[in-house]
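Student: Hi! Could you walk me through this structure?
Tutor: Happy to; have a look at it here.

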Amino acid sequence: MRIWEVNRLLGEEGSSADPPSVLLGHAGRVFCLSWSPDGQRLASGGSDCSVSLWDVTEALGGKTLSQPQAVLFCPGGSVMAMSWSPDGQQLASADGDTVRVWQRESSNDSTPQLVLTADRKSTRLNSSHSSVS
């Protein structure tokens, strides 16, 4: 993924020739992105069944990050959509028939706080919940 600083592209700050920042980490295509409400973190989801969390303040200025801050695994398939809660403390991701809700300050970022799965054979919505410490 590449991030261009728009104010630099428009000549408002620095040189418009600054290279974009590069974020490497997904093993496949990236299908969705979501900026945290404070603009400090970027979540990316893709065909490698994962969500990568990036601290974009570390990448600004044309730097390359070869590893995300955290990787959240979604075994249900490609991650096709994501959204942060308004306070930036939770991130919801959608893969296949499953929505996972991740707690930002969890002691174990790799375990979703809530998992909702649609049952295609009925109108039921199955859920599982993990306690967050």
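Student: Which residues make up the largest nonpolar core?
Tutor: Cys32, Ala43, Val51, Leu53, Ala70, Leu72, Cys74, Val79, Met82, Trp84, Leu91 and Trp102, 12 residues in all. A nonpolar core is a set of buried Ala, Val, Leu, Ile, Met, Phe, Trp, Tyr and Cys residues joined through side-chain atoms within 4.5 Å; buried means under 20% relative accessible area, exposed over 50%, partly exposed in between (1.4 Å probe, protein chains only).
Tutor: This is a predicted model, where local features need pLDDT of at least 70, side-chain atom pairs count only at pLDDT 80 or more, and totals for chains, interfaces and linings use all residues. Residues are numbered from 1 along each chain as its sequence is written, and side-chain values use heavy atoms, leaving out hydrogens and water.

Student: Which strand gives the largest share of this core?
Tutor: β8, with 3 residues. Strands (E, at least two residues) and helices (H or I, at least four) are DSSP runs numbered from the N terminus.

Student: New topic: where does His26 lie?
Tutor: In the loop between β2 (21-23) and β3 (30-35).

Student: Is His26 buried or exposed?
Tutor: His26 is buried, its relative accessible area being 17%.

Student: And which side chains make polar contacts with that of His26?
Tutor: The Asp48 side chain does, at 3.0 Å, and the Ser52 side chain does at 3.5 Å. A polar contact is a pair of N or O atoms within 3.5 Å; within protein, one must be able to donate a hydrogen and the other to accept it, and residues adjacent in sequence count only if both atoms are side-chain atoms.
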